[in-house]
Amino acid sequence: MVRVENISKRFGRLTALDSISFEIRQGEILGFLGPNGAGKTTAIRILTGFFPPGDGKVWIAGQDLFKDPRGGKRHIGYMPESVSLYDDMKVSEFLDFSACIKSVPRKTRAVHVREKTARCGLDSVRNRLIGQLSKGFRQRVGLAQSLIGDPDVLFLDEPTNGLDPQQIIEIRTLIRELGKESTLILCTHILPEVSMVCDRVLILNGGKLVASGTTEELEATLREQQEIYVTMGDRHRAEEGLAVLSGFPGAEQVRIVQEKNDQVYFSLFVSKGRDLRSEISRAFVERNLPLLEIRSVRLSLEEIFMKIVIREDAAS
Amino acid sequence: MKHAFTVARKDFLSYLNSWIGVFVLGFFFLMAGLFFYLLVMTYVRISMNASQSLYPSVEGLGLTRFVYSSYFLNLSVVLLFFVPLLTMRSFAEEKRHQTLELLFTYPLSDFEIVWGKYLGMVWFFELMLLPTAVTIPLVIWAGGSIDWGPVVVGYLGFWLLGTAYLSLGLFVSSISENQVVSAMLTFATLIFLWALDWVAGVMTGPWAAFVSALAPIRHYREFPLGILDLSHIVYFCFFTLFFLFLSLRAVETRNWKG
């Protein structure tokens, strides 16, 4: 659906993007991550046709975006970061304006606009000036205008920025629904949001694409060892538990993390690809040790992100 | 091209919805009315004196000739103040609110954006002109007669001058990041162009003719007298196209970097 080939962009002496290539499949929800100044905004601006790259090509729905910008941009819906909208227009006026520009046929325009208005929960504010709306509603107007014209690819730049928790949940639900119909690129710095919503993640740093893949794939490339947490009841038998865990071949750094409320928490590392969990539970049951919980610790996207960015910074 | 009209309609409506638009519309009408009233009063006084055979020559000077020629010259000065207020909104405001970013990602060509924005202002300018035409039925109602030539040509000239000024303002707005800067710069440039006529007056030699040819007022002056000269029309067309072209280039600069 979206194909990016070796795009670069320089502003004077600063290289904002350095030969980036990737592909986004139809129906995929892609998370676009990177620390501030990594080139995220520049990349999004190129992909939405704001300005062309210095070098390289962008294909959207099989069309070269910068050979025919007007044609290419028809396939794009963009919700800008700061939700900059025309404050002196009414919601319905603005959406109608978008529909005109995006060449929604005159006959179906009213129905089309109505449908998007309802979809984004804007019915109650249709006739209000955008400038008078609350942040949550503005965000929805920004989303609604990006949906107008049923674009194949949606770019959402920080869609939940500055919303309260209730609104965030609503917008996320909406995003997930939208992801079922169109290809979606989500640009955000809220990492849990990405792991909740996105199929795949791209990480930019210093203008380069440093990682790409599903959260699990990224995690796998980063991790040499797997950490396992074990919780046991009856703290008086802590030493016994520790001995059992240490007895497994391949178990390293076995330690007691905490003893609390008659419960003992252990932690141990095993080498990658080796899962000791079933063996541990069997051993505990055989010795009649009260096993309460056993789980392998996953790296959160935050940790993955930090590790990749730090690794890249160290390398350069 | 159809989309240019959509952009124009949006900008036109946003002028109407803004306090600055309402202010410009109302105040321009007020100023125009005031000038018209003063000119008519002056004419009446001179005519009275003429009937007492003090200035028998004034008898031949028609009302249209006397009132409307000065009227349009006065309005051209008023325009210097109102054009910056209109044009500062076009690009500078969209930049400040970052809505231009959105517009650039819509399926619009740069030409459609520039032309649409310009057209929206021209429509608003025409709306400013419309109520001033109320003077014509007023004169007829009061028993005067209208000499249509100078009035129609005067309006044409004023329209050409106004649209030319707007194109200059549009260009300044497209290179300014902020409305105040845009308005100040437009005002300064317009005043400079306005003064060019005087500058040419005190100059001698071949440059005087050149500077004088550049001055918009020099080209405008003949319209209110009812003289339709093709060279003046061509001058204003070039003026407008030149600044529209520069505006388009200014918008396209975002494509150059890198």
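Helices and strands here are DSSP runs, counted from the N terminus; a helix has at least four residues and a strand at least two. Keep that in mind as you select. The model on your screen is a predicted one.

**Stop 1: chain B as a whole**

Follow the chain from its N terminus, and the elements read α-α-α-α-α-α-α-α-α-α-α.

Of the 258 residues in chain B, 40% are buried. Look at the contacts in chain B with a separation of 6 or more: 79% of them join residues 24 or more positions apart.

**Stop 2: two helices of chain B**

Select residues 110–129 of chain B, which form helix H5. Two packed helices are described by the angle between their axes and the distance between the axes.

Show the side chains where the two helices meet. On H5(B), pick Lys117(B), Tyr118(B), Met121(B), Val122(B), Phe125(B) and Leu129(B). On H7(B), they meet Trp159(B), Gly162(B), Thr163(B), Leu166(B), Ser167(B) and Leu170(B). Colour this contact by class: eight of its residues are nonpolar, three are polar and one is charged.

**Stop 3: the nonpolar cores**

Keep Leu166(B) selected. Leu166(B) is among the residues with the most contacts inside the largest nonpolar core, which has 123 residues.

Zoom in on Phe94(A). Leave out residues up to four places away in sequence, and Phe94(A) touches Leu85(A), Tyr86(A), Met89(A), Ile130(A), Val141(A) and Gln145(A). Then move to a second, separate core of 12 residues. Ile228(A), Val244(A), Leu268(A) and Ile280(A) are included in it.

**Stop 4: where the chains meet**

Show both chains. The contact takes 26 residues from chain A and 21 residues from chain B. On the side of chain A that touches chain B, select strand E1 (2–11), helix H2 (69–73), strand E6 (76–79) and helix H3 (91–101). Each of these elements supplies at least two residues. By class, this side of chain A has 13 nonpolar, five polar and eight charged residues.

**Stop 5: another helix pair, in chain A**

Select helix H8 (residues 215–222) and helix H11 (residues 301–315) of chain A. They pack at an angle of about 50 degrees, with their axes 10 Å apart. H8(A) and H11(A) are therefore oblique to each other. Their crossing is left-handed.

Display Thr215(A), Leu218(A), Glu219(A) and Leu222(A) in H8(A). They meet Leu301(A), Ile304(A) and Lys307(A) in H11(A). This contact has four nonpolar, one polar and two charged residues.

**Last stop: Ser278(A)**

Find Ser278(A) in helix H10 (residues 277–286) of chain A. Is Ser278(A) buried or exposed? Ser278(A) counts as exposed, because it has 9 C-beta neighbours inside 10 Å, and a residue with 12 or fewer is classed that way. Finally, pick Ile294(A). Ser278(A) and Ile294(A) lie 16 residues apart in sequence and 9.3 Å apart in space, C-alpha to C-alpha.

Technical notes: Residues are numbered from 1 along each chain as its sequence is written. Chains are lettered from A and ligands numbered from 1 in the order in which they are written. This is a predicted model: local features need pLDDT of at least 70, side-chain atom pairs count only at pLDDT 80 or more; totals for chains, interfaces and linings use all residues. Axes are lines fitted to C-alpha atoms, for helices over the stretch in contact, and angles run from 0 to 180 degrees between N-to-C directions. Two residues are in contact if their C-beta atoms, placed from the backbone, lie within 7 Å. Ala, Val, Leu, Ile, Met, Phe, Trp, Tyr, Cys and Pro count as nonpolar, Asp, Glu, Lys and Arg as charged, and the others, Gly among them, as polar. A nonpolar core is a set of buried Ala, Val, Leu, Ile, Met, Phe, Trp, Tyr and Cys residues joined through C-beta atoms within 7 Å. A residue is buried if 20 or more other C-beta atoms lie within 10 Å of its own, exposed if 12 or fewer, and partly exposed in between; C-beta atoms are placed from the backbone. Angles under 35 degrees count as roughly parallel, over 145 as roughly antiparallel, 65 to 115 as roughly perpendicular and the rest as oblique. A crossing is left-handed if the near helix is turned anticlockwise from the far one by less than a right angle, and right-handed if clockwise.
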